[in-house]
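Please open the structure in your viewer and keep the selection tool at hand. This tour moves from a whole chain to single residues, one stop at a time.

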Amino acid sequence: MNTTAPRADMPPSSALIKLMGVVSLICGLLIVTTHQQTLAPIRHNQEIILSETVAELLPGAKKQVSYGVDASGNLSIVEGAEFAGPRLFAGYDAYGGLIGVVIEGGERGYADVIRAMFAYSPQKKAIVGFKVTELKETPGLGDKISSDKKFLSNFKDLDASLEHPIVTVKSGTKKNRWEVDAISGATISSRAVGRLLQKSTKEMIPVIQRNLQRIERGN
Amino acid sequence: MGHDHGATVSPSENMEAFLNGLWKQNPVFVQVLGTCPTMAITNSARNAVAMGLATLFVLVFSNMLISMVRRLVQKQVRIATYILIIATFVTMVDYIIKAVSIDVYKALGPFIALIVVNCIILGRAEAFAGKNPVWQSILDGFGMGIGFFIALFCLGSVREILGAGTLFGFSLFGSNFQPWVLFLLPSGGFFTLASWLLVFAWWKERGKAKEAQA
């Protein structure tokens with residue numbers, strides 16, 4: 001039987017584990033301290049960006065109310081980013097009239113998950129604005145979904161009445177209000193946007209309609 | 001260069017530790033290390049500056065901590081220990097950038113986390129900080145970090161000026177300028193790096209020729 005004897009210059013395993021334990025403890029303390037110190041400004045920054053996006057998607061909105069949606073579709077007003085679940089952002093004009101509701105969504109694109117926010121108008125039953133908030137699609141191709149003017153014009157009045165599913169169609173073949181005209185050369189990313197909108201509207205619009213009077217009152 | 005005996009180090013040796021990374025052993029232009037982040041994030045001067053500062057922070061502090069614990073670290077676990085220390089400072093810098101500017105954080109994307117595997121940092125830990133006193137290791141981190149920062153800025157500024165006609169977002173040539181978008185794409189990164197390497201090689205040859213003449 002062939003047995004290997006431990007090498008004479010090899011320190012005992014307990015010493016190595018002890019060393020790694022001490023270094024890990026120092027490193028852990030450094031990370032936790034930094035996390036604690038930066039948590040408040042990080043949340044503050046995220047809220048500012050969110051609020052700016054809502055204002056951009058709902059032009060004329062003077063007041064914003066953020067609602068958290070629980071698992072059974074009930075709403076509660078939430079402040080800041082302490083609510084971990086999905087959120088809706090209602091925008092109101094200077095007289096307190098509801099302009100629209102901004103919905104968040106995410107869907108797998110070509111390189112990674114595409115995250116976006118879009119404005120829904122309960123009066124028009126349509127999507128009236130769209131902005132990509134996170135994407136890692138191919139520069140010059142897939143990333144056009146966040147900047148291509150023709151593509152973004154799809155979302156000026158996109159039917160979200162839920163009577164027809166929102167679908168992405170081949171570039172230049174859009175015929176109906178619920179269709180999204182794809183970007184030529186960025187089909188996968190364009191289709192991901194169509195799926196994102198279909199999934200989010202299917203989930204959130206019934207919640208908005210059920211709670212519309214409350215959202216209109218802003219309480 | 002290594003002298004791990006805790007003896008006092010002369011000011012000239014300190015200066016050499018600092019200047020090495022800055023110029024003579026510049027990590028990008030001379031050692032051609034860390035080219036992955038160099039190519040990926042230098043499509044604007046602002047991203048280059050942010051990545052340069054993040055790497056500088058990680059280099060200085062990881063060099064410092066590694067040098068502080070160098071006598072305790074057994075050679076069998078040194079790489080694991082170095083990676084643990086480097087990853088700690090990368091996580092810290094990740095939080096700090098997110099707290100300072102979400103826009104910069106989004107622009108740098110996954111490359112912040114990838115500083116962990118930047119060969120410049122592990123290279124300095126293994127070649128220098130693990131063998132040298134704390135003060136000299138800090139200076140080495142500063143030298144290499146600033147050298148990397150300069151290299152990123154050289155690439156980022158050229159690519160932004162030619163690819164977008166701007167520098168730090170400010171328009172330089174007016175509305176009639178037709179940007180060379182190629183410079184913002186990966187191929188433009190290779191082209192710019194190659195041009196800078198050419199300049200450095202020419203500079204080196206010129207110095208050698210002058211020395212020979214003298």
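The stops below say what to select next and what is there.

**Before you start.** This is a predicted model, in which local features need pLDDT of at least 70 and side-chain atom pairs count only at pLDDT 80 or more, while totals for chains, interfaces and linings use all residues. Residues are numbered from 1 along each chain as its sequence is written, and chains are lettered from A and ligands numbered from 1 in the order in which they are written. The model scores ipTM 0.79 and pTM 0.72.

**Stop 1: chain B as a whole.** Select chain B, which has eight helices and two strands; these are DSSP runs, with helices being H or I of at least four residues and strands E of at least two, numbered from the N terminus. Followed from the N terminus on, the elements run α-α-α-α-α-α-α-β-β-α. The C-alpha atoms of chain B fill a box of roughly 65 × 55 × 25 Å along the principal axes. Of its 214 residues, 41% count as buried, where buried means that 20 or more other C-beta atoms lie within 10 Å of the residue's own, exposed means 12 or fewer, and partly exposed is in between, with C-beta atoms placed from the backbone.

**Stop 2: where the chains meet.** Next, show both chains and look at the contact, to which chain B gives 20 residues and chain A gives 21 residues; two residues are in contact if their C-beta atoms, placed from the backbone, lie within 7 Å. On the side of chain B that touches chain A, the largest share, eleven residues, comes from helix 4 (residues 78–100) of chain B.

**Stop 3: the largest nonpolar core.** Which residues have the most contacts inside the largest nonpolar core? Select Ala54(B), Val58(B), Ile85(B), Ile86(B) and Val93(B), which have the most contacts within this core of 48 residues; a nonpolar core is a set of buried Ala, Val, Leu, Ile, Met, Phe, Trp, Tyr and Cys residues joined through C-beta atoms within 7 Å. Among the elements that each supply at least two residues are helix 1 (13–57) of chain A and helix 3 (45–68) of chain B. Leaving aside residues up to four places away in sequence, Val58(B) touches Ile86(B), Phe89(B), Val90(B), Val93(B), Ile115(B) and Ile121(B).

**Stop 4: helix 6 of chain B.** Now select helix 6 (119–129) of chain B, in which Ile120(B), Ile121(B), Arg124(B), Ala125(B), Phe128(B) and Ala129(B) are buried. Seen down the axis of this helix, the buried residues fall within an arc of 135°, so they line one face of the helix; the arc is that of the directions from the helix axis to the C-beta atoms. These buried residues pack against helix 3, helix 4 and helix 7 of chain B.

**Stop 5: Val104(B).** Select Val104(B) in helix 5 (residues 102–108) of chain B. Is Val104(B) buried or partly exposed? Val104(B) is partly exposed, because 18 other C-beta atoms lie within 10 Å. Not counting residues up to four places away in sequence, Val104(B) touches Ala50(B) and Ile97(B).

**Stop 6: two loop residues.** Finish with Val32(B), in the loop between helix 1 and helix 2 (35–41) of chain B, where phi is near 50°, a positive value in a residue other than glycine. Val32(B) counts as exposed, with 12 C-beta neighbours inside 10 Å. In chain A, Leu162(A) lies in the loop between strand 7 (158–159) and strand 8 (167–169), and the phi of Leu162(A) is near 70°.
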